[in-house]
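Here are some exercises to work through with the structure open beside you. Try each task before reading its solution.

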Amino acid sequence: MSYNAGDYDVAVIGAGHAGCEAGLACARMNMKTLVFSISLEAVANMPCNPHIGGSSKGHIVREIDCLGGEMGKNIDKTFTQLKMLNTSKGPAVYSLRAQADRKQYQAEMKHTLEKQENLFLKQAEIVNITVENNKVKSIETNIGAVYNVKAVILATGTYLGGMIHIGDVAYSSGPDGVSAANKLTEILKNLGIKVNRFKTGTPARVNKRSLDFDKMQIQNGDEEITPFSLENAFSKCEDQLPCYLTYTNEKTHQIIRDNLDKSPLYSGKIHGTGPRYCPSIEDKVVRFADKERHQLFIEPIGRNTDEMYVQGMSSSLPEEVQIAMYRTIPGMEHVEFTRPAYAIEYDCIDPQELKLSLEHKTIDGLFFAGQINGTSGYEEAASQGLMAGINASLKIKNKEPIILDRSQAYIGVLIDDIVTKGTNEPYRMMTSRAEYRLLLRQDNADLRLTDIGHEIGLISDERYEKFVEKRKNIFKEINRLKNKIVKPDEKINDFLEKNNSSTITTGVKMSDLLKRTELDYFKLAEIDEDRPKIEKDVAEEVNIEVKYEGYIKLEQEQVEKFKKLEDKKISDNINFDDIKGLRLEARQKLNKIKPLSIGQASRISGVSPADISVLLIYLETLKK
Amino acid sequence: MENTIVAISTAAGNGGIGIIRLSGNKSFEIINKIFIPKNKNNKIKGYSLKYGNIINPENNEIIDEVLVSYFVGPNSYTREDMCEINTHGGMIVERKILYLCLNNGAELAEPGEFTKRAFLNGRIDLAQAESIINLINSKSDKEAKESIKELEGDLSKKINEIEQKIIDVMVNIEVIVDYPEYDVEEITNKDALNKMNEVSKMLDNLEKSFDKGKLIRDGIKTVILGKPNAGKSSLLNAILNEDRAIVSDIKGTTRDSIEEFINIDGLSLKIIDTAGIRDTNNEIEKIGVEKSKKLANESDLIIAIFDLSRNFEDEDKEIMDIIKNKNAIIVLNKVDIKQNNKLLENELNKLCKPTIKISAMDKSGLDKLYDKIIEVFSLNELYNDNEILITNERHKNQIKKAKENINQAIISIKDNMPIDISSIHIKQALEDLGEITGKNVSEDIINEIFSKFCLGK
């Protein structure tokens, strides 16, 4: 028997990284918001790797933070190790990465949700979504509670139709013993939504007590650390936990080869599409047969547990084989499993059915975020959750959605990619997906996004004022450097010589000295007498902006070109079938994706340049 | 504001006159910098014509005497301010004027861009738009077929090869950036530098092949120089009368010289026979001689003919001066009368130019002449190595841009910039090439389709 459980604005289905951000964004934008999870013990769970950030993903966390999301703040509260990666490679790709205390991360996030005004966290499985006149009306839980809602955000992760594979053992389940959501897939299909099946996997968790770290290389965090959230300021952490590095070897590979027939991946039992970029160890051994060893990282799962995560050893082989192969690894000869590696299949949708706002193209008020959209990764999920939450709220407020473009944020790249091009494997963000990555740095996320975060009400006035001050100081200091002429004298030239930099004979702008490869803002302090006292983050920003000015300008020019096409809007009531001269394939694709601009249309595969000019001409004739 | 564009509007090679067309709000500003009208009245009127000289404003060198027509927007084809420079034609003059325009603020027009502007500025009405769409479609079908052919063709093979080399480097950079914790072998600056140098060289060769290709298609503008009675006309006649020569008759020359366009075994020569170089007091002849010198200066190749049977004279010396810094072949004529002429040959050897002996009378030794021409222009490489000919100015421009970006990348690698900073230029070079192969879509590529219909004018 069902009952009417009341009226709400938004229901978020799933409380993983996408669901938490979605729920918090909605509630903070004054929406009366429900957040459901099959088990409240699984809120913000990290069922795979216990870390957040890394190349491009660290950028996303910063972006989430500058738009007023929670992930950065939560990991700052609960990290066990912090590291800035890629520092030798150039400012565009500096990436922050943190090991998380998984349980603490969950507890903090859950508590944040619980404390949030307007947010109602509930344990239940959603078994029905009612849509009337192509508009979301209500949802129903497995125990009959019917909530009337204006919008639903689906963030089901790997729980939707979840099926775990370990050797020839397969059973219906979500990660970590939480049951799968088995009813919603049918509901989606009945709504006319196409459902795909993807696969991912995770390695074993092992007991630290059974490992011999003397045979592995220790990997510590940075001494000077940078927080993810720009609201936080700390630079030291005494008790970071180390990770360890070890390798597979020929014996490991032999065991895998001998037992390949027992892998459900190779026996054909798994139908889902797995990601190329995080293959199981079986995959690695088969596909990179000539590689003698593969790296493994042993990562702590938390401070109050001895469970460790073995990155690089995900597998769906039978447990017995897994144990044998893990025990060939230096330092793991006596390893004890706490949880075996497994592969998991799950249901997801084709993100091409969505608008760039993450709302379904034909079902009003139905939003999707995270793995259900075919992506992978906590950060990717969280960013979509945030955007879906923002846009569901804006929709209810009758406002235009926030759509970040490819020159604004990695989040914009991600959503544009999946909506415009779709994905046939779990989609992971990479810096190489971004065309303008020198503009999309992790250090300038605030300059890119705080205005938006503040405008929608997710960034507090207090933080915004601080930001405006910072921005002002950056520009002021850059201007000072550009106007300051350094005159050639003994002191200056001594300094230059000392730094292996060519000496000067005429006056040179301080900013031009800064551009020299061997110098930077911090070194120049020695000869920059009237330098004002500025914050470290301002100094770093000034350093990058001046040092790479030429390259930044180059990318900005490219962005201008790109924007020209993005600014040629296509109204959403165009029926592409009406346009004579479009090829059939282009017509079908355009009708399916319904691009918002010529730029977006040009990125759809199957739409040729000829189709684009036909479109341009058609738009031109509409104007006349 | 749209930029001002310029292009050579007449088909390459086969016209007695050439037209260079400018469109955009800076058209008149640019023309004022490079054109000195004979009538100093500077007022610009629409639908008017002025006579004068195109000059290089940097050194006041006169490039050609021309007619310039003025169109004041919106009363023009594109509805923008436009100028058309009518030149005497010839690849070198047309190019020189084109580059003058480029150097003075114009940008190279995409093919068809004039027509596109005409459309976007409302020059073409709605009904015409429909027909343009049809045209694009028929064109793009054809284009598709052509591009399939081209895709299998040498050009795209070559470009793919270059792209692949660049991608190899990019992939190496991307992987260390995206997977910093993994022990993939890092691409060193040295590796990247070597590969980029290689790519730069390949692009450079490709770019050069364009100019060579153009020479082959448009003809090598060849001037025959020699003192009177050295055998200029005999040589010309010998060449023209060859069975293999296809002689076309080109009208429209306004000069006192005979201009013939011939094609021998795929080698095109646009031959200009000149008045003999001779010190003269005769005023009329003086003009002819001056013209000869000027023509020689503008030519791609000079065939300098000397008379073995006569002594070394001042006129020979004068010819030597003219050809000193030019592409030239020395032809020693009248070998039927006298085999050797030590004094003359010794003098000519100082020039270090390819030298052959012929008898224009007997038509002997012509083969040697053709061989030398092929040699001088390194056309052998083109024929033998099956080297790619880029035929399209836009392709050439893209290749040039790509080369410049690769060279920029080389500079920043040498400067020890972080590798992903250097990669910005590398990636840009890829995009430049992608606009030839159509692998990515940007506005420029979109414009390309517009470009395919060379409608009207």
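**Exercise 1. How many bridges join strand E15 of chain A to E20(A), and in which sense do the two strands run?**

Solution. In this predicted model, start with strand E15, residues 205–207 of chain A. Two bridges join it to E20(A), and the two strands run antiparallel. To see the pairing residue by residue, find Arg205(A): opposite it, in E20(A), stands Arg339(A).

Now widen the view to the sheet. Six strands of chain A make up this open sheet, in the order E16-E17-E18-E19-E15-E20, with antiparallel pairing. The edges are strand E16 (217–219) and strand E20 (337–339) of chain A, each of which pairs on one side only. From one strand to the next, the twist averages 35 degrees.

**Exercise 2. Find helix H9 of chain A, which packs on the sheet. Which strands does it touch, and which of its residues are buried?**

Solution. Step one is the packing. Helix H9 covers residues 319–326 of chain A and touches E15, strand E19 (307–311) and E20 of that chain. The direction of H9(A) makes about 135 degrees with that of E20(A).

Step two is burial. Val321(A), Gln322(A), Met325(A) and Tyr326(A) are buried in H9(A). Seen down the helix axis, the buried residues of H9(A) fall within an arc of 130 degrees, so they line one face of the helix.

Step three is the cover. Strand E12 (163–166), helix H6 (250–258) and helix H8 (281–287) of chain A are among the elements that cover the buried residues of H9(A).

**Exercise 3. Locate Gln311(A). Is it buried or exposed, and what is it in contact with?**

Solution. Next, take its relative accessible area, which is 12%. Buried means under 20%, so Gln311(A) is buried. Finally, leave aside the neighbours within four places in sequence; the contacts of Gln311(A) then include His51(A), Arg97(A), Pro203(A) and Phe297(A), as well as Tyr182(B) from chain B.

**Exercise 4. At what angle do helices H2 and H11 of chain A pack, and which residues meet?**

Solution. Two packed helices are described by the angle between their axes and the distance between the axes. For H2 (residues 57–66) and H11 (residues 410–421) of chain A, the angle is about 105 degrees and the axes are 9 Å apart. Angles from 65 to 115 degrees count as roughly perpendicular, so that is how H2(A) lies to H11(A). On the H2(A) side, look for His59(A), Ile60(A), Glu63(A) and Ile64(A); they meet Tyr410(A), Ile411(A) and Leu414(A) in H11(A).

**Exercise 5. Which backbone features stand out at Leu358(A), Arg79(B) and Pro74(B)?**

Solution. Keep a general rule in mind: most residues other than glycine have a negative phi, and most peptide bonds are trans.

- Leu358(A) is not a glycine, yet its phi is positive, about 75 degrees. This residue sits in the loop between strand E21 (342–349) and strand E22 (366–368) of chain A, and it is buried at 0% relative accessibility.
- Arg79(B) also has a positive phi, near 70 degrees. The loop between E5 and E6 of chain B holds Arg79(B), which is partly exposed with a relative accessible area of 39%.
- Pro74(B) is found in the loop between strand E5 (61–71) and strand E6 (82–87) of chain B.

Key. Residues numbered from 1 in each chain as written. Chains lettered and ligands numbered in written order. Predicted model: local features only at pLDDT ≥ 70, side-chain atom pairs only at ≥ 80, totals over all residues. Heavy atoms only, no water. Pairing = 2+ DSSP bridges. Helix = DSSP H or I, 4+ residues; strand = E, 2+ residues; numbered from the N terminus. Axes fitted to C-alpha atoms, helices over the stretch in contact; angles between N-to-C directions. Contact = heavy atoms within 4.5 Å. Buried < 20%, exposed > 50% of the residue type's maximum accessible area, 1.4 Å probe, protein only. Arc of directions from axis to C-beta. Parallel < 35°, antiparallel > 145°, perpendicular 65-115°, else oblique.
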